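Q: Could you take a close look at one part of this model for me? I'd like to know what packs against what there, and at which angles.

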Amino acid sequence: MFWVLLLLLAWAAAGTACTRLCLAAVHAAAADGDARGHDLTLYEAAFLSGGPRRVADLTLVSMARQRRLLLAHTGWATVVDPRGRDEMERTVIGAIGPEGQSRIAPVRAVAASAEAVRGLADRLVAAGLAVPAGTRSGIAAGIRQVRLAAVAVVALGAIALLTPAPSEMPRHLVALWFALPFALTVSCLAIARMEVHPYSRWASPAGQRLLGTLTRRPGGTDERTYLTRVAVRGISAIGEPDLRAAFAHREQHDGPHHEERRGQRPGGHGEDHRRPHLRD
């Protein structure tokens, strides 16, 4: 009856994995909030759509549109107005540094990891509009464990069928017994795909409902409508080619020609000290 021991192992693996995934899904559902009566700010919409980096991108675009920050197509940011109007703008200005110029890539990275963004995330999580980091990792780990359990059940079933041990149970019935825990894991994955799928990486179902109200509103040409599109869709919603190229520019690594590249910096010694110009 060696196959019975293998069957018990298969049930243990399937049951443990499915239980963990169900608990993670229940925890995520309990953290879901009520979207009624909450008007999303642009920063909140950016975080729910694309996370911390989207918030940094929105801040840069907003400041560039107001001519308080120049973003060159070469990938450099230049401060025009050093007075930030809110915490995020002050964070971006601080990330650029005292020289007033920096490459955009490190500015985005620093701003995305700033305390202002973490505070924004905490407020959205407390309101039930954002998915807590632990919930995201818990659901992902639970799904991986169920998949591994399904593979383990198949492997244990194959060992039970291929082991040349005397048994009164016909092999097709042994296979049927192992099909039960396998069916459990497959069913759990199917349910998770339907029930857990509404959770994006950042926004909970309540947060996604609020984002849906933003995308369903009639389009306009005013500044807030433009920035809302950037918050929800990212830099792909930027209409100006030079501004979009500023975000697409890849960071160059320092090497033997670092001083030569430094001379090509906007406003540096390799140019005629003209600042980069941002065109609409």
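A: Let's start with a pair of residues: L71 sits opposite A77, which belongs to strand 2. Keep in mind that this is a predicted model. Strand 2 covers residues 76-79 and is joined to strand 1 by 3 bridges, the two running antiparallel. Zooming out a bit, the open sheet has 3 strands in the order 1-2-3, with antiparallel pairing. Strand 1 (69-71) and strand 3 (101-103) are the edges, each pairing on one side only. From one strand to the next, the twist averages 20°.

Now for the helix packing. Helix 2 (residues 42-50) and helix 6 (residues 115-126) have axes that come within 10 Å and cross at roughly 80°. Since 65 to 115 degrees counts as roughly perpendicular, that makes helix 2 roughly perpendicular to helix 6. On the helix 2 side you'll find Y43, E44, F47 and L48, meeting V117, L120, A121 and L124 of helix 6. By class, that contact comes out as 7 nonpolar, no polar and 1 charged.

Helix 2 also packs with helix 10 (residues 223-233), at an angle of about 25° and with the axes 7 Å apart. Angles under 35 degrees count as roughly parallel, so helix 2 is roughly parallel to helix 10. Here L42, A45, A46 and S49 from helix 2 meet R224, L227, T228, A231 and V232 from helix 10. This contact has 6 nonpolar, 2 polar and 1 charged residues.

Definitions and conventions. Residues are numbered from 1 along each chain as its sequence is written. This is a predicted model: local features need pLDDT of at least 70, side-chain atom pairs count only at pLDDT 80 or more; totals for chains, interfaces and linings use all residues. Side-chain values use heavy atoms; hydrogens and water are left out. Two strands pair if DSSP finds at least two bridges between them. Helices (H or I, at least four residues) and strands (E, at least two) are DSSP runs, numbered from the N terminus. Axes are lines fitted to C-alpha atoms, for helices over the stretch in contact, and angles run from 0 to 180 degrees between N-to-C directions. Angles under 35 degrees count as roughly parallel, over 145 as roughly antiparallel, 65 to 115 as roughly perpendicular and the rest as oblique. Contact means heavy atoms within 4.5 Å. Ala, Val, Leu, Ile, Met, Phe, Trp, Tyr, Cys and Pro count as nonpolar, Asp, Glu, Lys and Arg as charged, and the others, Gly among them, as polar.
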